[in-house]
Amino acid sequence: MRAAVFTEPGPVDVLKIVEREMPPVGPGEVRVRIVLSAVNPTDTGTRAGRGVPDGVEPPRVPNQDGAGVVDEIGEGVTGLRPGDRVWLWDAGYGRENGTLQEYVTAPRRQVVKMGDDVPFEVGAALGIPALTAHRCLTVASDGPARLAPGALSGRTVLVAGGAGAVGNAAIQLAKWAGAAVLTTVSSPQKAELAAAAGADAVINYREEDLAARVRELAPGGANVIVEVNTDNLEADLDAVAPGGNIAIYVGGKFSVPSFKAMLKNVSLDFVLTYTTTDAEKEAAVAAVAEAVDAGAFRVGERAGLPIVRFGFEQAGDAHAAVEQHVTGKVVIEISEG
């Protein structure tokens, strides 16, 4: 089978397509024929040598997320059978083998069945973005542990960067859970995408006063803010409701205007989907799977997340596109669906 590997971290040209043996299937494992492998910023960072856990030896196959068809199941596996359409999460976290290959073997819990009518593009777009979004929407101490229809009823959610993959997922999941959803963008083109995702109101932060606009749309403020840029913290603290929560899913260093946060009794939480607890991850996977099967999670231009396709031989170009912040979800076509 073919696989894209790198033996040492570096720029996109360290990725090489090679022939490898078919991965074996052990007890409790599932082998999946990958149809689409998705590329996230964390995948390009791993390839470049950032955030690699100890104990993972080269050569490595990158990419955490993907969608495909069950090829073989190991002893003790239940709920799946060969031919089932599935999506995968964290396939390469702490392991040498991600989804940028024709077949991958993963633990049963990381392989999620999806309906026969769910496009592979949807499955490939889940994983890191959707599970991150779910955690951001549920991390507040007074929030639901698991999203479901009605779980966020009566709450206003503000999603920063509604045209990004996590932002798009947060909008769709929050709407499915019954929230009023506001979102920010930086251009009219991105505003169209955020609106297509289902946001109730879109705020161009380069042209409008964010906090004033939020207070106009939601006089009490936003109960939950899903934040991708810590430079927005001052404005977020103006826009958040008393007792509200700001969930931050980006790394870096910043200072907190603590008195402003204290006045509103605001909580700040930091989210990394890889290191959530088993219970938190299971709740996220179950909720996302339910939303997908209910038709509440869509992809493509009409859903605010254009699909940007690359062939297997263009794996390096796909990684480069993510590094260049292309708008949309980058996927690599590994095999036919």
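These legends go with close-up views of aromatic rings in a predicted model.

**View 1. Tyr93 and Tyr274, a stacked pair.** Two aromatic pairs turn up in this model, and here is the stacked one, made by Tyr93 and Tyr274. Tyr93 comes from the loop between β5 (85-88) and β6 (103-107), while Tyr274 comes from the loop between β13 (267-270) and α9 (278-293). The pair therefore ties together parts of the chain that are 181 residues apart in sequence. As for solvent, Tyr93 is partly exposed at 32% relative accessibility, whereas Tyr274 has 14% and counts as buried.

**View 2. Phe254 and Phe270, a tilted pair.** The ring centres of Phe254 and Phe270 are 6.2 Å apart. Their planes meet at 40°, so this pair goes down as tilted; stacked would need an angle under 30 degrees, and edge-to-face one over 60. Phe254 is in the loop between β12 (240-248) and α8 (258-264), and its partner Phe270 is in strand β13. That puts the two 16 residues apart. Phe254 is partly exposed, with 28% relative accessibility. Phe270, at 55%, counts as exposed.

**View 3. Arg85 over the ring of Phe120.** Arg85 lies over the face of Phe120. The distance to the ring centre is 3.9 Å.

Terms used
Residues are numbered from 1 along each chain as its sequence is written. This is a predicted model: local features need pLDDT of at least 70, side-chain atom pairs count only at pLDDT 80 or more; totals for chains, interfaces and linings use all residues. Side-chain values use heavy atoms; hydrogens and water are left out. Rings of Phe, Tyr and Trp (its six-membered ring) pair if their centres lie within 6.5 Å; planes under 30 degrees apart count as stacked, over 60 as edge-to-face and the rest as tilted. Helices (H or I, at least four residues) and strands (E, at least two) are DSSP runs, numbered from the N terminus. Buried means under 20% relative accessible area, exposed over 50%, partly exposed in between (1.4 Å probe, protein chains only). A charge sits over a ring if NZ of Lys or CZ of Arg is within 6 Å of the ring centre and within 35 degrees of the ring normal.
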